[in-house]
Amino acid sequence: MANHITVTTLLDGPRHTILQIYLENDGFSGELANEVLYDINKDVDFDKKVKLTVEELLFHFAGFDATLSFDTGLITKQSIWVLPEGAANHVDFRPFGGFKDRTGLDGTGQLLMNTIGFTNTNARGSILIKLRKD
């Protein structure tokens, strides 16, 4: 049995994408490591070099924390934000332009998530992510 991870695209326009993500631990599989939440290469023509920018997050986690990052294609990641357990949180990065994918030529165009504490059968959470395509 695997952890239950559902990524639903609520909006996928030429300039923005909004994702709804639901996570629930199965009690056996453990932590999520480099879980791909979004891959720009599956959405955009290969002729165009498009980078992502995280503009907004809305999330609520029970029993675990998570970290979002862009995949650099190397061992290290470009960490973006820590999403802590607790009450519903809304974070708006638009006032300063958002968190841009700055992974360079080796970047894969993937938005990743890693968890801490996602080993409990009660661990579950929801995320809304607004992405801009630059």
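**Rings, core and charge pairs**

Visitor: What does Phe99 count as at 23% relative accessibility?
Guide: Buried means under 20% relative accessible area and exposed means over 50%, with partly exposed in between (1.4 Å probe, protein chains only). Because 23% falls in between, Phe99 counts as partly exposed.

Visitor: What kind of model is this?
Guide: Residues are numbered from 1 along each chain as its sequence is written, and side-chain values use heavy atoms, with hydrogens and water left out. Local features need pLDDT of at least 70, side-chain atom pairs count only at pLDDT 80 or more, and totals for chains, interfaces and linings use all residues, in a model that is predicted.

Visitor: Why is the pair of Phe96 and Phe99 described as it is, and what is it called?
Guide: Rings of Phe, Tyr and Trp (its six-membered ring) pair if their centres lie within 6.5 Å; planes under 30 degrees apart count as stacked, over 60 as edge-to-face and the rest as tilted. Phe96 is exposed, at 52% relative accessible area. The two ring centres are 5.5 Å apart and the planes stand at 80°, so the pair of Phe96 and Phe99 is edge-to-face.

Visitor: Which residues form one aromatic cluster?
Guide: The structure contains eight aromatic pairs. One of them joins Phe59 and Phe61, both buried, in a tilted arrangement, 5.6 Å centre to centre with 45° between the planes. The cluster is made of Phe59, Phe61, Phe64 and Phe118.

Visitor: How far apart in sequence are the parts tied together by Arg132 and Glu55?
Guide: A salt bridge is a side-chain nitrogen of Lys or Arg within 4 Å of a carboxyl oxygen of Asp or Glu. Arg132 and Glu55 form one at 2.7 Å, N to O. Arg132 is buried, at 11% relative accessible area, and Glu55 is buried as well, at 5%. Arg132 lies in strand S10 and Glu55 in strand S4, so the distance in sequence is 77 residues.

Visitor: Which residues do salt bridges with shared partners join into one network?
Guide: The structure holds nine salt bridges. In one of these, Asp134 pairs with Arg15, the closest N and O atoms being 3.5 Å apart; Asp134 is in the segment after S10 and Arg15 in the loop between S1 and S2, 119 residues away. In another, Asp92 pairs with Arg94, the closest N and O atoms being 2.8 Å apart. The network consists of Arg15, Glu55, Lys130, Arg132 and Asp134.

Visitor: Which residues is Arg94 in contact with, leaving aside its neighbours within four places in sequence?
Guide: Arg94 lies in the loop between strand S7 (86–92) and strand S8 (99–100), and at 40% relative accessibility it counts as partly exposed. Contact means heavy atoms within 4.5 Å. With those sequence neighbours left aside, the contacts of Arg94 are Glu55, Glu56 and Lys130.

Technical notes. Helix = DSSP H or I, 4+ residues; strand = E, 2+ residues; numbered from the N terminus.
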